[in-house]
Amino acid sequence: MLLESALAYARHGIPVLPVHTPAADGSCSCGRPDCARPGKHPRLRHGLTEASTDPRRIELWWERWPDANVGLRTGIVMDVADVDSPGGWHGLRQLLGGAVPPGPQVRTGGGGWHFWFAPLGHGNRVHLLPGLDWRGTGGYVIAPPSRHAHGTSYYWVVRPGDPPAAPALLRNLIAGPDAPSVTAGPVSPAVIVHPDRYAAVALEAETARVAHAPVGARNDTLNRAAFALGRLVGSGLLDAATVTRELTAAARWAGLGRTETIRTIRSGLSAGERQPLDPGRRNVA
Ligand SMILES: [Zn+2]
């Protein structure tokens, strides 16, 4: 079963690697009593770099370890949004406007979800949102029908097929604070089909970006977010009090001081408000 699945993934071009297996009591086949990642780390000495699509190598691995969990290298056929809690699932749905695009979907044995997307070319990202990581170039995920240390197996909710493109707001979050913001800079008015939803998702994405900004980029990230959201305030799609409240909470979460936070939000917001997204053009085309 595990070997057949591993061979099937490899036939679809996904490099496979044998991973350790959790026992019924949650311990790991590596034998270390203090193993931090039972059933989740590679059995091969060189780990991920040895992942392969060669059926002969794969058969030899599972001949040696018939119950090895199946690891799949990400960044080649697919990237994976790795959701490890209900909070992460709600955050991802909210970011994407209420629904995750239909595509391959896994329930992990630990109560989480894996959503497959077309590769973006970025590496792994940790804590994109609370409970949401991204597995990209140089990463891997555990795949069905592997066993989880909690005693259940990974299984397919939606079978593997062509992974969908990651939505723009998710791509933007993954690209990080240096990427052009979806709301700052020129925006094609024609893309704003549902202005209220667009504004709500922009608010969510910008505050998440601020909350998770790296230390050296926090104030700049806050300034850009305030400017971007200020443009939506200027066009009447968001109100200034809500934006100020949400950005302040995110900035405090990121560790920015109160005085700096207030000043940056105020100046970014008013600069953005002077350049509103033109609401009259948003239904064009
Ligand atoms: Zn282990």
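Predicted model: local features only at pLDDT ≥ 70, side-chain atom pairs only at ≥ 80, totals over all residues.
Figure 1. The chain exposes about 13,700 Å², of which carbon and sulfur atoms supply 53%. Among the contacts with a separation of 6 or more, 74% are accounted for by residues 24 or more positions apart. The secondary structure comes to eight helices and nine strands.

Figure 2. The zinc ion has as its protein donors the SG atoms of Cys28, Cys30 and Cys35 together with NE2 of His41, which lie 2.1 to 2.3 Å from the ion. The arrangement is tetrahedral because the four donor atoms subtend angles of 104 to 116° around the zinc ion, and the cut-off for this assignment requires all angles to lie between 85 and 135 degrees. Along the chain the donors follow the spacing C-x1-C-x4-C-x5-H. Cysteine 30 and histidine 41 both lie in the loop between strand E1 (16–19) and helix H2 (55–64), so the pair ties together parts that are 11 residues apart in sequence. Cysteine 30 is partly exposed, with a relative accessible area of 21%, whereas histidine 41, at 14% relative accessibility, counts as buried.

**Figure 3. Strand E1 and its pairing with strand E2.** From E1, Val16 and Pro18 point one way while Leu17 and Val19 point the other way, and all are buried. E1 runs antiparallel to strand E2 (residues 69–73), to which four bridges join it.

Figure 4. Six strands form an open sheet in the order E6-E7-E3-E5-E4-E9, with antiparallel pairing. Strand E6 (125–129) and strand E9 (155–158) are the edge strands, each of which pairs on one side only, and the twist averages 30° from one strand to the next. Within this sheet, strand E3 (residues 79–83) and strand E7 (residues 132–135) run antiparallel and are joined by four bridges, with aspartate 82 standing opposite aspartate 133 in E7. Helix H4 (residues 168–175) packs on the sheet, where the helix touches strand E5 (113–117), E6 and E7, and the direction of H4 makes about 130° with that of E6.

**Figure 5. The surroundings of threonine 137.** Threonine 137 lies in the loop between E7 and strand E8 (140–143), and this threonine is partly exposed, with a relative accessible area of 43%. When residues up to four places away in sequence are not counted, threonine 137 touches Thr74, Gly75, Asp79, Gly121, His122, Gly123 and Asn124. The C-alpha atom of threonine 137 is separated by 8.0 Å from that of proline 119, which is 18 residues apart from it along the chain.

Figure 6. Most residues other than glycine have a negative phi, and most peptide bonds are trans. The peptide bond from proline 144 to proline 145, however, is cis, with omega near 0°, and proline 145 lies in the loop between E8 and E9. Histidine 127, placed in strand E6, has a phi near 55°, a positive value in a residue other than glycine.

Key
Residues numbered from 1 in each chain as written. Heavy atoms only, no water. Donors = N, O, S within 2.8 Å, 3.2 Å for Na, K, Ca; no water. Tetrahedral: all angles 85-135°; square planar, octahedral: opposite > 155°, others 65-115°. Helix = DSSP H or I, 4+ residues; strand = E, 2+ residues; numbered from the N terminus. Buried < 20%, exposed > 50% of the residue type's maximum accessible area, 1.4 Å probe, protein only. Contact = heavy atoms within 4.5 Å. Areas by Shrake-Rupley, 256 points an atom, 1.4 Å probe, with all protein chains shown as cover. Pairing = 2+ DSSP bridges. Axes fitted to C-alpha atoms, helices over the stretch in contact; angles between N-to-C directions.
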